[in-house]
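Please look over the sequence and the model shown here before reading on. The paragraphs below go from the whole chain to single residues.

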Amino acid sequence: MYYSKCNIGYVLRAEIGEEIQETLRQFAQAVKLKAAFYQGIGALTQVELAFFCTDLKTYDRRFFNDEYELITLTGNLSSQDGVPVAHSHAAIGTRNFETYSGHLVRGVVCVTAEILVTPLDIPLTRKEDPILKYKGLVFPRRIHLKVDI
């Protein structure tokens, strides 16, 4: 992986063979990021996407083993028990112009991945949600705004 600092954060380029989630975790650890949001494009293989089923309180997973355009990668960096966590969603495209999307569990770079990382000035952490049984985002200085529907 290569990265450069810019006026709004960092530009990161992951290399062929790097697993994108692990690359993001290592990057956050290397530059001591407490929290950030990111977006990116590129190409992946060995992709695992997931969909969170609220009724089952578990992820339905699907594997994709061809080469795919990484149409969009979006997510955030937080921490859980002091360890960086990359929470990513992605849309991938096939050579037949079909698109699949979901929670990105895993993806190996097969050409490049170009990612803009925008740091935040507040820490983000993950904590088990007692109702849905997933690790939800927690942050300081929260203001609760009730929206009438």
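A contact here means heavy atoms within 4.5 Å. Among contacts in the protein between residues at least 6 apart in sequence, 61% join residues at least 24 apart. The model is predicted, so local features need pLDDT of at least 70 and side-chain atom pairs count only at pLDDT 80 or more, while totals for chains, interfaces and linings use all residues. Residues are numbered from 1 along each chain as its sequence is written, and side-chain values use heavy atoms, with hydrogens and water left out.

The protein has one helix and eight strands, where helices (H or I, at least four residues) and strands (E, at least two) are DSSP runs numbered from the N terminus. Their order from the N terminus is β-β-α-β-β-β-β-β-β.

In overall extent, the C-alpha atoms fill a box of roughly 45 × 40 × 30 Å along the principal axes. The radius of gyration, taken over C-alpha atoms, is compared with a globule rule of 2.2 Å times the number of residues to the power 0.38. For 149 residues a compact globule would have a value near 15 Å, and the 16 Å of the protein agrees with this.

The accessible surface comes to about 9500 Å², of which 54% belongs to carbon and sulfur atoms; the areas come from the Shrake-Rupley method with a 1.4 Å probe, and for residues only the protein chains shown count as cover. Of the 149 residues, 40% count as buried. Buried means under 20% relative accessible area, exposed over 50%, and partly exposed in between (1.4 Å probe, protein chains only).

Glu48 is placed in strand E3 (residues 36–53). Is Glu48 buried or exposed? Glu48 counts as buried because its relative accessible area is 9%. Leaving aside residues up to four places away in sequence, Glu48 touches Arg61, Arg62, Phe63, His103, Leu104, Val105 and Arg106.

Phe97 lies between strand E5 (83–93) and strand E6 (99–119), and counts as exposed because its relative accessible area is 78%. The C-alpha atoms of Phe97 and Glu22, 75 residues apart along the chain, are separated by 27 Å.

Lys57 sits in the loop between E3 and strand E4 (58–80). Although not a glycine, Lys57 has a positive phi of about 55 degrees; with a relative accessible area of 36%, Lys57 is partly exposed. Asp81, in the loop between E4 and E5, also has a positive phi of about 55 degrees without being a glycine. Asp81 counts as exposed, at 75% relative accessibility.
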